[in-house]
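Dear colleague,

Please find below the structure that I am handing over to you. My findings follow directly after it.

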Amino acid sequence: MTEQKDDAFYLQTLECVPTYDVDAVRNAVDEQLTFLRIEEDVAPEMKVLIKPNLVGDYHPYFATTTHPVVVEAIADWLIRHGCRNVCIADSPAGAVSTMSNFDYDRFYQKVGYDHLERKGIQLNRDTGWGERRSPEGCKNKSFHLLNAVLNADYIINVPKLKTHNTTTVSFGIKNLFGCVPDIQKPVFHARYPRQKDFCNMLVELAMTVKPSLTVVDGIEIMEGNGPVAGEKRNLGMLFAAKDVFSQDRVLAELLGVPPDKIGMIQAAEQKGLLHSPVVASRTFVENTPIPPLKLPDVKTSHTVKERLAAAYHVLAKKGEKAILTVQPTHVPQNCDLCLRCVNSCPVHAISAENGKIAFQYDKCIGCLCCHETCSNHAIGTQKQLKMKKN
Ligand code: SF4
Ligand code: SF4
């Protein structure tokens, strides 16, 4: 049953910040954290975790990862307010923890975070994890989480605002998937191949991680074929709220994505997690039109999907149905044979033979972990109809 707590409300702030100018971003973050009275929630002895989106070793220019200037502004605010134990952690796509040669120094350098260590902010290199019970989870009674998440007293979720080819958007809720250790993430893709179930799991994960604050990097965003191969767009906004679920719905509405088309927002609504926002803005002009977010083109409309499936049903044998799936494709000219995609596949559907990457499409579940893992843009996507037993 859909339950919505219309009598409840939450505070959200929105600041217009046209570029990653250090002073402008710092001023905006200061305004937001002051407005939300974060100084009442943190204390010097607390272990504070900042959880950005560091899906891969992408330069900040590509708008794939949370920009370091936003993370630095939050960390600076924490340090100015006496926090002595601030850590930045994420679990990138790919089987990082099983790679004996994974170079964290190079990774943090490429994403533009390396200088933060010199300011006394810890950059996580611990790929260890433990279990946390999820008493409110319907389907997921516990989650494996990075040690950095388990040990934190206060979690600040800092997503990059993006579209996503399997979950439609990647805002606050989706960003928390990076709290799950790298080699465990593909397990969820294999367990929940249907988007609806996967999104429900993400909401139960967010209920378990319980971020205290979510600051969304919406200054330069990614639209189209996100989360790694989309187009960069300047939106020029920073958002902040304590309620990650309701904030996602506000972002969807603001960016012209019907919230009922986003599995995570539907699941949050069904669980009664959505509240009405009170939005405070210092500089936002209410009537400024915002062009809608360009969604991934692998998300074919339901009408087209059904028509195609119906056509294929004519060809289907008894007991089979046609389903439209998204499959990875290889772009050999971009490939350096690093094998990260091979190691990231949850169902071992990728192999490297004779210097070539090959997919076993009969095994592939379309999770696109390989696509996210490949920062060389050597894995593309294509739509494909498959026959499946009923
Ligand atoms: S496609 Fe090539 S470059 Fe990309 S992850 Fe796989 S092996 Fe590495
Ligand atoms: S080959 Fe298929 S199953 Fe394997 S990671 Fe890529 S999309 Fe997922």
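Leaving aside residues up to four places away in sequence, Phe 245 touches Ile 173, Val 203, Ala 206, Met 207, Ala 268, Leu 273 and Leu 274. Phe 245 is also one of the residues with the most contacts inside the largest nonpolar core, together with Leu 161, Met 201 and Val 203. That core has 50 residues. Two or more residues each are given to it by β6 (142–146), α4 (147–150), α7 (195–209), β10, β11, α8 (244–254) and α9 (263–270). The largest share, 9 residues, comes from α7. Another core, of 44 residues, lies apart from this one and includes Tyr 20, Ala 28, Ile 88 and Leu 123. As general background, nonpolar side chains in soluble globular proteins tend to be buried together.

Please bear in mind that this is a predicted model. The average pLDDT of the protein chain is 87, and 87% of the residues score at least 70. Over residues 1–7, however, the pLDDT is below 50, and this stretch has 12 contacts in the model beyond near neighbours in sequence. Residues 299–308 also have a pLDDT below 50; for this stretch, 10 contacts beyond near neighbours in sequence are found in the model.

As for the chain as a whole, 12 helices and 16 strands are present. The protein chain has 390 residues, of which 55% count as buried. Its accessible surface is about 17300 Å², and carbon and sulfur atoms account for 51% of that area. When contacts between residues at least 6 apart in sequence are considered, 75% join residues at least 24 apart.

The surroundings of the two ligands may be of interest to you. Around ligand 1 are His 330, Cys 335, Asp 336, Leu 337, Cys 338, Leu 339, Cys 341, Ile 357, Cys 374, Asn 376, Ala 378 and Ile 379. By class, this shell consists of 9 nonpolar, 2 polar and 1 charged residues. Ligand 2 has 13 residues around it, and those that come nearest are Cys 345, Cys 364, Cys 367, Leu 368 and Cys 370. The shell of ligand 2 contains 12 nonpolar residues and 1 polar residue, with no charged residues.

Although Leu 368 is not a glycine, its phi is positive, at about 65 degrees. Leu 368 lies in the loop between β15 (356–359) and α12 (369–373), and it is buried, with a relative accessible area of 1%.

His 348, likewise a residue other than glycine, has a positive phi near 55 degrees. Its place is in the loop between α11 (340–344) and β14 (350–353). Is His 348 buried or exposed? With a relative accessible area of 58%, His 348 is exposed.

One further backbone feature should be noted. Gly 226 and Pro 227 are joined by a cis peptide bond, with omega at about 15 degrees. Pro 227 is found in the loop that runs between β10 (213–223) and β11 (231–241), and these two strands are among the elements that give two or more residues to the core of 50 residues described above.

Yours sincerely

Notes
Residues numbered from 1 in each chain as written. Chains lettered and ligands numbered in written order. Predicted model: local features only at pLDDT ≥ 70, side-chain atom pairs only at ≥ 80, totals over all residues. Heavy atoms only, no water. Near = heavy atom within 4 Å. Nonpolar A, V, L, I, M, F, W, Y, C, P; charged D, E, K, R; others polar. Helix = DSSP H or I, 4+ residues; strand = E, 2+ residues; numbered from the N terminus. Buried < 20%, exposed > 50% of the residue type's maximum accessible area, 1.4 Å probe, protein only. Contact = heavy atoms within 4.5 Å. Areas by Shrake-Rupley, 256 points an atom, 1.4 Å probe, with all protein chains shown as cover. pLDDT = per-residue confidence, 0-100. Core = buried A, V, L, I, M, F, W, Y, C linked by side-chain atoms within 4.5 Å.
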